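Morning, everyone. Please have the viewer open, and I will walk you through a few features.

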Amino acid sequence: RSNITSPLNDSIQSESGFYVNADLENITLQSGGNCSYSIDGNSNITMSNQSMIRYFNFTNPVEVGRHSIEAYCNDTSGEFSSSNVHNFSVQDLTAPRVSLVFPLNNSEVANGNVTLAYNVTDFTSNISNCTLILDFEDNVANFTVVKNINQTFNVTGLTSEQHRWQVRCADNSSNKNIGLSEEFVFLVGIDNSPPVVTLQSP
């Protein structure tokens, strides 16, 4: 018979996709045989073989919620087997992806009144909130974030020196996944001073 080794019964899987694995017990498929699976009774999806008794496939994205899966195997001699039905849950397990847009890393801005632009994407969920982290401290939060288009934080009165910024965003899924951008550095005040060159030798 066929045996689904992943996803396990009553397991939780990611909405972005997951591996389906099936092993064969007491049967080896003849040349031309194949294994496939069906989620929620939909069309069968053919699996690749790792060996004559082990088959796998990485799924397309699956809708959040409860699902069932069953595997089927057959060969050219007409031998057929099916697995037990496994029930599993799909949840949003993927954090939002946050990208900083402006000011660019290691750039300069003219004065301390700066518009910081960022963009956040999330495949499944909407965004609950995003927080600006400025010089290692939470500065201001935005609770009306629209994903996939540039968003901004307006900051005033920054001192003429180097500053560091990141953006942290949480989605509105039940898991409240949190994504953190990379850190950018910018300088307030245009550096108009040429470098000083000192000759040492000869």
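First, the ground rules. This is a predicted model, where local features need pLDDT of at least 70, side-chain atom pairs count only at pLDDT 80 or more, and totals for chains, interfaces and linings use all residues. Residues are numbered from 1 along each chain as its sequence is written, and side-chain values use heavy atoms, with hydrogens and water left out.

Strands, then. Strands here are DSSP runs of E with at least two residues, numbered from the N terminus. Two of them pair if DSSP finds at least two bridges between them. Take S3, residues 19–24.

Now the disulfides. How many does a search of the whole structure find? It finds 2. A disulfide here is a pair of cysteine sulfur atoms within 2.5 Å.

Cys 35 and Cys 73 form one of them, with sulfur atoms 1.9 Å apart. Cys 35 sits in strand S4, residues 34–39, and Cys 73 in strand S8, residues 65–74, so the bond ties together parts 38 residues apart in sequence. The torsion about the S-S bond is about 110°, so this disulfide is right-handed. Are these cysteines buried or exposed? Cys 35 is buried, and so is Cys 73. For the cut-offs: buried is under 20% relative accessible area, exposed is over 50%, and partly exposed is in between, with a 1.4 Å probe and protein chains only.

Next, Cys 130 and Cys 169, whose sulfur atoms are 2.0 Å apart in their disulfide. Cys 130 is in strand S14, residues 127–134, and Cys 169 is in strand S17, residues 162–171, so the pair ties together parts 39 residues apart in sequence. The torsion about the S-S bond of Cys 130 and Cys 169 is about 110°, so this disulfide is right-handed. Cys 130 is buried at 0% relative accessible area. Cys 169 counts as buried at 1%. Counting bonded cysteines along the chain, the pattern is 1-2, 3-4.

On to the loop residue. Thr 124 lies between strand S13, 114–121, and S14. Thr 124 counts as partly exposed, at 33% relative accessibility. What does Thr 124 touch, leaving aside neighbours within four places in sequence? Glu 15, Val 64, Asp 92 and Lys 147. Contact means heavy atoms within 4.5 Å. Val 64 is 60 residues away in sequence, yet 8.3 Å away C-alpha to C-alpha.

Last, aromatics. The structure holds 4 aromatic pairs. Rings of Phe, Tyr and Trp (its six-membered ring) pair if their centres lie within 6.5 Å; planes under 30 degrees apart are stacked, over 60 edge-to-face, the rest tilted. Tyr 19 and Phe 58 are edge-to-face, 5.0 Å centre to centre, 75° between the planes. Tyr 19 is in S3 and Phe 58 in S7, 39 residues apart. Tyr 19 is partly exposed at 47% relative accessible area, and Phe 58 is partly exposed at 44%. Trp 165 and Phe 184 are also edge-to-face, at 6.4 Å and 80°. Both Trp 165 and Phe 184 are buried.

Note on methods
Helix = DSSP H or I, 4+ residues; strand = E, 2+ residues; numbered from the N terminus.
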